[in-house]
Amino acid sequence: MKKLLYQFDTDQQPSVFDNVVGFDGGADHISAYGGVNAANVGPLVEGAIFTRSPKDKKNTAVFIGGANMREGEAVLAAVQAKFFAKFRVSVMFDCNGSNTTAAAAVAWLAHGRTLAGKRAVILAGSGPVGQRAAVLLAREGASVAVTGRKRAVLETACDALKSRFGIEVQAIEAPTNVERGAAAAGAHILLAAGAAGITLLDAKQWQENPSLELIADANASPPAGIDGVGLMDRGASSHGKILFGALGFGALKLALHRACIARLFEQNDLLLDTDEIYRIAKGMVGN
Ligand SMILES: NC(=O)c1ccc[n+]([C@@H]2O[C@H](COP(=O)([O-])OP(=O)(O)OC[C@H]3O[C@@H](n4cnc5c(N)ncnc54)[C@H](OP(=O)(O)O)[C@@H]3O)[C@@H](O)[C@H]2O)c1
């Protein structure tokens, strides 16, 4: 029986990255749909749940991606609303790599140490990766703040996190490097989750910040999101801080993404979202 993955992407063009990792994770065939939304996903789900016998349904799975978290979450809810009794398949939610990237970054930050009681600041934290990293840092016991260029955008993101995950995240409007440096004052953990190729902080701003202990940069496209953090850094030491670069923790992100795809095909009722994906990441980090 072939392992079939249905890739539902809220963007018009389904992600090639998610497609490749789907195959590398063990899918035999992937059908990738773009422009998927909560209103049009129903018939696609019916095709997935009504076609195979109960014991064979684990060979069909759904992956939800796309750049817009809110639309992705609405698609996830619509997919789950179609399931009943044994008529269901396993689902992975990873809009823009949000869960797998945040899980890999935070798993490394928390590896061999506790983050409880620490203050974490996520630069440009209103995007998919930043939002999920906020959840995971809060789950680890850190108090979390996110910066962004516009307060209204940040508050919308923080409200969504509160209603979906029950966590309090502080919003700090900080549109310039100087203001982002000021937002990092007193922080122990700094994570840059800005758009690709945007530098959010100058090197001196973290090097001369006495409270910072751990720094991670998710941006893999030059220039760095945090100047002076090496792309390949994985626990490197500099100016008394421990550094993680985008490719340094990106190896875990990729391995995690593949491992999650493989798990989808082990049962027909798995939901891989933020907390489940983080649990898997914690089991893989450092191996
Ligand atoms: N290392 C890995 O394995 C891996 C995997 C996947 C993704 N990534 C990277 O992770 C990062 C975060 O991904 P994402 O999808 O969450 O990012 P995103 O949605 O593209 O951007 C995140 C935030 O960046 C801010 N931003 C955009 N343009 C900006 C500018 N010119 N100046 C300052 N801030 C700006 C925006 O916040 P405001 O509008 O609120 O300011 C936006 O919400 C990206 O760099 C992505 O390439 C890394």
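Select strand 3 (residues 60-65) together with strand 4: the two run parallel and are joined by four bridges. Strands here are DSSP E runs of at least two residues, helices are H or I runs of at least four, and both are numbered from the N terminus; two strands pair when DSSP finds at least two bridges between them. This is a predicted model, where local features need pLDDT of at least 70, side-chain atom pairs count only at pLDDT 80 or more, and totals for chains, interfaces and linings use all residues. Residues count from 1 along each chain as its sequence is written, and side-chain values use heavy atoms, with hydrogens and water left out.

Now show V62, which stands opposite V91 in strand 4. To get from strand 3 to strand 4, trace the chain through helix 3 (residues 69-82); this β-α-β crossover is right-handed, meaning clockwise from the first strand over the helix to the second when the strands point away from you.

Are the faces of strand 4 (residues 90-93) covered or uncovered? Both are covered, with S90 and M92 buried on one side and V91 and F93 on the other. Buried means under 20% relative accessible area with a 1.4 Å probe, protein chains only.

Next, pick L109 and, beyond its neighbours within four places in sequence, you'll find L115, L137, I189, L214, A216 and F244 in contact (heavy atoms within 4.5 Å).

Terms used. Buried < 20%, exposed > 50% of the residue type's maximum accessible area, 1.4 Å probe, protein only.
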